[in-house]
Amino acid sequence: MRLPDTPLPYLLLLLVFSAAGLVLADDDDGDDGPRSARALPQVSHPQWKQECSSCHMLYPPALLPERSWRAMMGGLDAHFGENAQLDAATRDNITAFLVANSADHTAARRARMLARSIPADEIPLRISTTRYFRRKHDEVSTEVFKRASVGSAANCVACHSGAEKGAFSEETVRIPR
């Protein structure tokens, strides 16, 4: 077999493989796909909804890994400065639901990327402390989170109207004044 005299075929192959590598290594969170592919899976659980939404928005379980939900549910007596204790059966039922739908047990790309952003030795109790959250919100100033209309970084629904349904698309963000 004789090799071509010109390097053009090799350059074309290199270009094709480089482009393919960039596509396969794409590390965004899927914001270029259809909305349904970007959203975290919608899940429902009556006790979770009743107990957790009585005080705050329903954070989709895929926003934190299993170890975070286990730690959070194991410390409900001091839940962000409040006593949110539940009877053992309710706590265990909600914990099982959160674990089954956590970031490391969900196939959604956004959840997988979030889980990968958390070092194995960390157990974050707030989504806002993860590297993924900080990267996605790096252009939002701390003053925005302090606005009365927002309150804090924990108030996802202030800017993401579909947050409780797992929809965090940048296309639908509306930052209140």
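This is a predicted model: local features need pLDDT of at least 70, side-chain atom pairs count only at pLDDT 80 or more; totals for chains, interfaces and linings use all residues.
Residues are numbered from 1 along each chain as its sequence is written, and side-chain values use heavy atoms, with hydrogens and water left out. Local features need pLDDT of at least 70 and side-chain atom pairs count only at pLDDT 80 or more, while totals for chains, interfaces and linings use all residues.

**Exercise 1.** Determine which residues touch the most other members of the largest nonpolar core, and which elements give two or more residues to this core.

*Solution.* Step 1: a nonpolar core is a set of buried Ala, Val, Leu, Ile, Met, Phe, Trp, Tyr and Cys residues joined through side-chain atoms within 4.5 Å; buried means under 20% relative accessible area, exposed over 50%, partly exposed in between (1.4 Å probe, protein chains only).
Step 1: the core has 24 residues, and those touching the most other members are Leu40, Leu63, Ala111, Leu114, Phe145, Val150 and Phe168.
Step 2: two or more residues come from each of the helices H6 (109–116), H7 (131–136) and H8 (142–146), where helices are DSSP runs (H or I, at least four residues) numbered from the N terminus. H6 provides the largest share, four residues.

**Exercise 2.** Classify the geometry of the two aromatic pairs.

*Solution.* Step 1: rings of Phe, Tyr and Trp (its six-membered ring) pair if their centres lie within 6.5 Å; planes under 30 degrees apart count as stacked, over 60 as edge-to-face and the rest as tilted.
Step 1: the ring centres of Trp48 and Phe97 are 4.9 Å apart and the planes stand at 45 degrees, so this pair is tilted. Trp48 in helix H3 and Phe97 in helix H5 (residues 88–100) are 49 residues apart. Trp48 is buried at 5% relative accessibility, and Phe97 is buried at 9%.
Step 2: Phe133 and Phe145 also form a tilted pair, with 6.3 Å from centre to centre and 35 degrees between the planes. Phe133 belongs to helix H7 and Phe145 to helix H8, so the pair ties together parts twelve residues apart in sequence. Both residues are buried.

**Exercise 3.** Describe the lining of the largest pocket by position and by class.

*Solution.* Step 1: on a 1 Å grid over the protein atoms alone, a pocket is an open set of points where a 1.4 Å probe fits, with protein on both sides within 12 Å along at least five of seven lines; lining residues have an atom within 4 Å of a point.
Step 1: of the 30 lining residues, His56, Tyr59, Met72, His79 and Phe80 lie nearest the centre.
Step 2: the lining comprises 20 nonpolar, seven polar and three charged residues, with Ala, Val, Leu, Ile, Met, Phe, Trp, Tyr, Cys and Pro counted as nonpolar, Asp, Glu, Lys and Arg as charged, and the others, Gly among them, as polar.
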